[in-house]
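Please look at the sequence and the model below before reading on. The paragraphs that follow take one part at a time.

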Amino acid sequence: MISKWRLPLALTLLACVLVFKLGSWSLPFSPSDEQEWLDENRVTLNVSLPENEEETVLIQPATLAQDSIAHANEWQSFIIKAGDNLALYFQQAGLDSKALQEVLSIGRDAHYLKRIYPGQTLRFQANSTGQLQAFQLDIDPLTTFAVQRQDNGKLISHIEEKPIEKRVAFGGGKILDSFFVAGKNANLDDALIMELAQVFAYDIDFALDIQPNDYFKVLFEEYYVNGVKVGNGPIVAAEFVNSGKHYQAIRYTDSVGQASYYSPTGRSLKKAFIRTPVQYTRISSHFNLHRHHPVLHKIRAHRGVDYAAPTGTPVKAAGSGKVVFVGKKGGYGNAIILQHGARYKTLYGHLSRFAKSLKNGTAVRQGQIIGYVGSTGLASGPHLHFEFQVDGVHHNPLTVALPQAEEISGRTKSHFLAHANDLLQLMSKQERVFLAANEI
Ligand SMILES: [Zn+2]
């Protein structure tokens, strides 16, 4: 069985600065595919890089200031070291404190200079008299704070955003023991592995359902600046085969700009309910209308599922809705009842405590933490008792047909179907290239 895997929080783009070394699992994209992809997805920010970037000379801060006079009108570049301040680099570049003051008083953008960080790059350009002509600070791989002296002698600043080029990469693998390890072997970073699990979370329980020989394929975006990878974008298409059952996902942005994942026929992969509202260790009692009650020692219908989990494990709202009960409720102990639209209700029992500020009438979103596992009321150990009602009738939460959240319809449908078809073809083409390259 696959053990639970823990993942760090999704990385920010900035944290992805370290260039990812592409291994054998990440395939080169064929030029024609790439061109097509770029034509559709290119992000053009219409900003160019400094023209004399190529001529940049790298001078370590230890270099004597006099050396820089020999480099009039050339760029001098410094990589900021821990503990150093801006004045030191101005000095190293052969500039006086007046130049620093001039840059610091440039206006609103000067706040970028208040805090400089190790690893950021500074560039200076001075004329033959040693007067500062231009100054640049790379705030992050995509953003540069740039100062330029004008003909009237004044310095002005602007922020340059480097154009990001999007490419599509393929990753795929068979799961031998752990989904997380297989994801790593497929060159997916932590954030992509987590995203892949989330894409299929409504159909596959990644803590319990994963089997050896399950496999996955992923097409995801990569961001490049000047040919250097600076981070990953979202998954654009994916396939997961779990116990022989195929699941496919296509990312699609709807008319209001909301991106989500759909089956190739346009059904949303999201459902109106999460089937399992808690991360549990085992199911300690199933839905059973003729159960022998472990505490009362008599036959009593068990109208829900018991998920054993440590006290304090967060319990999530199975669907969006509103709180219609929160408090003590007989044998249920601390309980919450949520109403979802006109037909559905869910109940959460034996909680140790409720989420703060939860009260009758509070609106909750699907997945929001509403309480914590406990053993209040008639409970033999810490677990969540979860009930699911449709039109006032209890259903087995593990097997009840969950209503679909949404579906692509109308005029966007044909556009979506063509888009889905293109992505699936691209994914299988990439997979063939991969299999050939690895002689599998
Ligand atoms: Zn129960």
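Alanine 318 counts as buried because it has 28 C-beta neighbours inside 10 Å, and 20 or more are enough for that label. The model in which this is seen is a predicted one. Alanine 318 sits in the loop between β14 (314–316) and β15 (321–328). Which residues does alanine 318 touch, leaving out those up to four places away in sequence? They are Phe273, Ile274, Pro277 and Thr346. Proline 277 is 41 residues apart from alanine 318 along the chain, yet their C-alpha atoms are separated by 5.4 Å.

The strand β14, at one end of that loop, belongs to an open sheet of three strands in the order β14-β20-β18, with antiparallel pairing. β14 and β18 (353–354) each have a single partner strand and stand at the edges, so one side of each has no neighbour in the sheet. Three bridges link β14 with β20 (residues 369–372) in the antiparallel sense. In this pairing, valine 315 lies opposite glycine 371 of β20. Strands of a sheet pair through backbone hydrogen bonds, and the pairing may be parallel or antiparallel.

Another group of strands involves β3 (residues 121–126), where five of the six residues are buried. β3 pairs with β2 (residues 75–79) in the antiparallel sense over five bridges, and phenylalanine 78 stands opposite leucine 122 in β3. β3 is also joined to β4 (residues 132–140) by six bridges, and these two strands run antiparallel. Here threonine 121 has aspartate 138 in β4 as its bridge partner. β3 and β4 form a hairpin with five residues between the strands, and in this hairpin glycine 130 takes a positive phi near 85 degrees.

In soluble globular proteins, nonpolar side chains tend to be buried together. The largest nonpolar core of this model has 39 residues, and Leu196, Leu219 and Ala238 have the most contacts inside it. Elements that give two or more residues to this core include the helices α5 (179–185), α6 (190–199) and α7 (412–437), and also the strands β8 (215–225) and β9 (228–242). The largest share, six residues, comes from α6. What does alanine 238 touch, not counting residues up to four places away in sequence? The list is Leu196, Val199, Phe216, Lys217, Val218 and Ala249. Apart from this core lies another, of 28 residues, with Val323, Val326, Ile370 and Val373 among them.

How values were computed:
Residues are numbered from 1 along each chain as its sequence is written. This is a predicted model: local features need pLDDT of at least 70, side-chain atom pairs count only at pLDDT 80 or more; totals for chains, interfaces and linings use all residues. A nonpolar core is a set of buried Ala, Val, Leu, Ile, Met, Phe, Trp, Tyr and Cys residues joined through C-beta atoms within 7 Å. A residue is buried if 20 or more other C-beta atoms lie within 10 Å of its own, exposed if 12 or fewer, and partly exposed in between; C-beta atoms are placed from the backbone. Helices (H or I, at least four residues) and strands (E, at least two) are DSSP runs, numbered from the N terminus. Two residues are in contact if their C-beta atoms, placed from the backbone, lie within 7 Å. Two strands pair if DSSP finds at least two bridges between them.
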